Amino acid sequence: MELTAAQRAQFERDGFLIFPNLFSQPEVAVLRQEVARLSEVHSEEVHREPTGGIKSLFRVHETDGATASAPFRAMVRTPRVLRPVQQVLGGDVYVYHTKINAKPAIEGTHWMWHQDYNSWSKDGCPTPNMATFNVMLNDTSELSGALYIIPGSHKLGLLESELYAGSSVRLWAIPKQKMIDVLRTSPAPVPIVGRAGTGVLFHCNVLHASGHNLSAEDRWHIYVSCNAVANKPILGENPRPDWVVSRNWYPLPIEDDSAVTKAA
Ligand code: SIN
Ligand code: MN
């Protein structure tokens with residue numbers, strides 16, 4: 001799938017692009033079955049809420065490891081996902097990490113306002129030439145804790161962040177007063193809602209957050225975060241583990257667009 005000139009201009013202006021129905025319902029069904037299977041795994045790639053529900057499942061795109069999944073491996077290599085990422089990052093890319101945020105019904109909690117590059121700059125990635133493809137694995141509404149994006153916020157550049165430890169995941173987030181100032185002077189945050197299979201591609205400096213899941217359904221989303229091969233991190237003394245900062249920085253090849261259902 002090739003982005004049009006208008007889509008590229010929109011990504012440049014807003015920092016994100018939405019793709020309704022990027023994956024079909026049969027493909028989503030295969031991927032959902034995989035999330036259910038992986039939810040039973042106990043390994044360092046699987047993070048749980050204090051109540052026991054799944055918070056995040058990492059590293060589902062490789063062929064090895066406790067959370068390896070053939071359908072998710074196929075999904076990140078489809079032209080639908082990979083080609084737009086190559087276009088916006090300008091060349092060869094690799095998967096920085098994959099993460100499924102499960103956000104369970106009633107108890108799944110918020111993600112504070114942040115830029116992904118807040119963390120990734122600290123991992124040693126030299127430039128913000130990174131982006132994430134988020135794909136919804138079930139219908140997503142504001143009630144179920146949709147992602148919110150502030151249009152054009154990538155143009156603010158990298159903002160200062162502080163370690164937020166208010167949820168079960170540590171996150172480099174924008175300090176409260178700074179975030180209030182940004183919200184008062186920016187376009188309104190856009191809720192990214194849609195049918196299962198909808199995708200959103202966003203720049204690593206775009207400000208985003210999400211709220212509590214107050215609905216009756218789990219909010220299952222996969223985040224395929226990618227880096228330009230030329231921007232691989234210069235790792236420091238104590239780098240984060242491979243499941244969150246991949247050392248597999250070989251250019252990811254584009255493969256079969258119909259491989260998700262074939263991998264089931
Ligand atoms: C994230 O930005 O890392 C997660 C946001 C979400 O799942 O709502
Ligand atoms: Mn994020």
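1. Let's start with a sheet. Four strands make up an open sheet in the order β5-β12-β7-β10, and their pairing is antiparallel. Its edge strands, β5 (111–114) and β10 (190–192), each pair on one side only. On average, neighbouring strands here are turned by 25° against each other, direction ignored; for such angles, axes are lines fitted to C-alpha atoms (for helices over the stretch in contact), and angles run from 0 to 180 degrees between N-to-C directions. Two strands count as paired if DSSP finds at least two bridges between them. Helices (H or I, at least four residues) and strands (E, at least two) are DSSP runs numbered from the N terminus.

2. Before going on, a word on what you are looking at. This is a predicted model, where local features need pLDDT of at least 70, side-chain atom pairs count only at pLDDT 80 or more, and totals for chains, interfaces and linings use all residues. Residues are numbered from 1 along each chain as its sequence is written, chains are lettered from A and ligands numbered from 1 in the order in which they are written, and side-chain values use heavy atoms, with hydrogens and water left out.

3. Now the overall picture. The protein chain has 7 helices and 13 strands. Its radius of gyration is 17 Å, close to the 18 Å that the globule rule gives for 264 residues, so the chain is as compact as a globular protein of that length. (That radius is taken over C-alpha atoms, and the rule is 2.2 Å times the number of residues to the power 0.38.) Along the principal axes, the C-alpha atoms fill a box of roughly 50 × 40 × 40 Å. Of the 264 residues, 54% count as buried, meaning under 20% relative accessible area, with exposed over 50% and partly exposed in between (1.4 Å probe, protein chains only).

4. Strand β7 (residues 147–149) is joined to β10 by 3 bridges, and the two run antiparallel. Leu147 has Ile192 in β10 as its bridge partner.

5. Have a look at the metal. The manganese ion (ligand 2) is coordinated by His114 (NE2), Asp116 (OD) and His208 (NE2), at 2.1 to 2.2 Å. In sequence, these donor residues are spaced H-x1-D-x91-H. His114 and Asp116 are both buried. Donors are N, O and S atoms within 2.8 Å of the metal (3.2 Å for Na, K and Ca), and water is not among the atoms, so sites may look incomplete.

6. Strand β13 (residues 221–228) is worth a stop. It is largely enclosed by the rest of the structure, because 8 of its 8 residues are buried. In a regular strand, side chains alternate between the two faces of the sheet. Here His221, Tyr223, Ser225 and Asn227 point one way from β13, while Ile222, Val224, Cys226 and Ala228 point the other way.

7. What does β13 pair with? Strand β4 (residues 93–101) pairs with β13 in the antiparallel sense over 8 bridges, and Tyr94 stands opposite Asn227. Strand β6 is joined to β13 by 7 bridges, again antiparallel, with Val135 opposite Ile222.

8. On to the rings. There are 4 aromatic pairs in the structure. One of them, Phe19 with Phe133, is tilted, at 5.4 Å centre to centre and 35° between the planes. This pair links distant parts of the chain, since Phe19 is in β1 (residues 16–19) and Phe133 in β6 (residues 130–136), 114 residues apart. Rings of Phe, Tyr and Trp (its six-membered ring) pair if their centres lie within 6.5 Å; planes under 30 degrees apart count as stacked, over 60 as edge-to-face and the rest as tilted.

9. Two lysines sit over rings as well. Lys55 lies over the face of Trp111, at 4.7 Å from the ring centre, and Lys99 over the face of Tyr223, at 5.4 Å. The criterion is NZ of Lys or CZ of Arg within 6 Å of the ring centre and within 35 degrees of the ring normal.

10. Last, a helix and some backbone angles. Helix α4 (residues 79–89) is mostly covered, with 10 of its 11 residues buried, and just after α4 Gly90 takes a positive phi of about 75°. Asn21, a residue other than glycine, has a positive phi near 50°; it lies in the loop between β1 and α2 (25–38) and counts as partly exposed at 48% relative accessibility. Lys103, also not a glycine, has a positive phi near 35°. Lys103 is in the loop between β4 and β5, and counts as buried at 3% relative accessibility.
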